[in-house]
Amino acid sequence: MGAAREHWGSRFGFIMAAAGSAVGLGNVWRFPYTTGTNGGAAFLLIYLALIIGFGFALAIAEMLVGRSAQRNPVGAFRALGGRGWPVVGYLGITTGFVILSFYAVVAGWTLAYIVMMISGNLGTTDPEALNQIFGGFVSDPVRPVLYSAVFMALTGWIVIGGISHGIERWNKVLMPALFVILLVLVVRSLSLPGASAGVDFYLKPDFSKVTSQTFYDAIAQAFFSLSIGMGTLLTYGSYLSKDEHLPKAALTVVLIDSGVAILAGLMILPAVFAFGFNPSAGPGLTFVTLPAVFASMPGGVFFGVLFFALLAIAALTSAVSILEPMISYFVDEHGTSRHRAVIVAGLVCFGLSVPASLSFGPAADVTIAGKNWFDLMDFLANNVMLPLGGLLTAIFVGWIWKAAENELRNDGRLHLPWVPAWHLVLRFLAPIGILWIMASALLF
Ligand code: PHE
């Protein structure tokens with residue numbers, strides 16, 4: 001079909017791009033507070049068990065479908081599965097729009113906070129005052145919307161550059177920068193007097209907080225964080241050449257993703273405890289509690305700017321990967337130019353982000369099933385669409401696509417003794433596990 005498909009320039013570039021997708025607001029903004037309110041290390045253990053149990057297997061499966069088909073999610077499921085299966089691709093494309101609609105909002109806040117940090121507007125140690133600053137900002141009908149627009153424009157600009165000259169080039173610069181900033185901040189946080197109370201809180205398991213809801217939260221977090229279930233890894237895999245050795249790349253990405261999530265907790269919670277702030281602030285932990293922490297420490301503006309830059313980078317490289325599947329769909333299936341596809345899809349995503357942003361202000365009372373637009377999109381994507389996409393992908397690779405094992409072994413050339421085990425996970429453990437977790441949380 002059409003011109004030859006673009007490919008990653010290097011294996012390192014692919015790994016940085018896939019890690020850039022995985023490491024996002026899910027790791028730095030959501031993970032620490034979810035862990036903090038869900039029993040600390042108890043949640044962490046369940047989360048890691050799910051990732052080892054089937055997150056990793058699913059990540060390989062998705063990349064493999066893309067690498068074999070060399071197409072976007074819809075085209076890939078059509079090519080390998082035939083009639084009916086493109087539905088999984090369409091579900092993924094739709095999920096991309098849903099995720100970006102709220103992702104762009106929080107990402108916009110991170111840009112705004114860089115500016116506010118530099119201009120000294122956050123220079124108080126009083127959480128109450130910071131709460132009002134945060135509330136005042138997010139409920140403003142104009143400013144956060146403009147920041148989301150800037151964020152979407154940056155995202156679109158990178159994606160327009162294409163695979164090796166846009167996505168890969170930027171990830172190769174931004175991801176190493178993110179790792180350096182993260183390490184600097186973890187060291188700063190752990191070296192504060194009183195930091196160990198935060199480490200205890202973070203790492204001491206409290207199993208009394210574990211319910212079926214905890215498992216559900218953990219699986220939603222695992223899928224969201226690993227970018228599983230919407231065709232992102234599939235699309236990134238489709239830009240790999242057929243000879244690439246997948247399992248190692250997938251393992252590297254999974255390790256980076258879990259490592260960054262754990263480090264993000266170690267960056268945030270010790271500092272919060274060191275200055276005696278409340279760790280269970282929920283989603284506001286990052287935007288309310290942390291500015292107070294920065295205002296309390298010497299050199300706080302510097303570290304604060306670094307922190308919000310880290311968040312913005314994490315968000316940007318993920319947003320790029322949420323946009324790319326739909327772009328590759330329009331380019332492959334409809335012959336749209338990349339340029340045009342990015343501009344139209346980017347504008348639609350921005351349009352959908354406006355009501356999500358207004359959910360914190362004028363549209364706060366507009367609710368569907370008790371949820372405002374932001375919460376509804378968040379819930380649909382994390383708790384329904386991604387697990388469903390993951391479930392269908394597992395069934396597809398486990399049961400429908402007969403060539404899967406052979407393809408993973410690169411036409412049978414590689415001797416990988418664990419491949420049958422991987423296949424069994426996709427056939428039984430993953431589908432049953434996902435269904436059981438969803439059913440028990442929804443029904444009981
Ligand atoms: N993994 C990203 C994060 O943790 C979000 C994401 C979800 C990216 C789905 C791509 C696909 O923030």
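Reader: What does the model rest on, and how are residues numbered?
Author: This is a predicted model, in which local features need pLDDT of at least 70 and side-chain atom pairs count only at pLDDT 80 or more, while totals for chains, interfaces and linings use all residues. Residues are numbered from 1 along each chain as its sequence is written, and side-chain values use heavy atoms, with hydrogens and water left out.

Reader: Why is S148 called buried?
Author: Buried means under 20% relative accessible area, exposed over 50%, and partly exposed in between (1.4 Å probe, protein chains only). S148 has 0% relative accessibility, so S148 counts as buried. S148 belongs to helix α7, residues 143-160; helices are DSSP runs of H or I with at least four residues, numbered from the N terminus.

Reader: What makes a residue a contact of S148?
Author: Contact means heavy atoms within 4.5 Å. With neighbours within four places in sequence set aside, S148 is in contact with A104, V105, G108, F350 and S353.

Reader: Why is T235 called buried, and what does T235 contact?
Author: The relative accessibility of T235 is 0%, and therefore T235 counts as buried. T235 is in helix α11, residues 232-238. Beyond four places in sequence, its contacts are P73, E324, P325 and S328.

Reader: Which residues are closest to the ligand, and what makes a residue near?
Author: A residue is near a molecule if one of its heavy atoms lies within 4 Å of that molecule. The ligand is surrounded by 16 residues, and the closest are A22, L25, G26, Y103 and F224.

Reader: How much of the ligand does the protein bury?
Author: Alone, the ligand exposes 320 Å², and the protein buries 100% of that. Areas come from the Shrake-Rupley method with a 1.4 Å probe.

Reader: Where does the ligand sit, and what makes that place a cavity?
Author: The ligand sits in the largest cavity. A cavity is a set of points, on a 1 Å grid over the protein atoms alone, where a 1.4 Å probe fits but cannot get out; a molecule sits in one if more than half of its atoms lie within 2 Å of its grid points. Two or more residues of the shell around the ligand come from each of α1 (11-22), α2 (25-37), α5 (86-118), α10 (212-226) and α14 (300-334).

Reader: Why is N383 called buried?
Author: N383 is in helix α16 and has 11% relative accessibility, so N383 counts as buried. N383 touches Y216, A220, D378 and M438, with residues up to four places away not counted.

Terms used:
1 Å grid on protein atoms, 1.4 Å probe; cavity = no way out; pocket = protein on both sides within 12 Å on 5 of 7 lines; lining within 4 Å.
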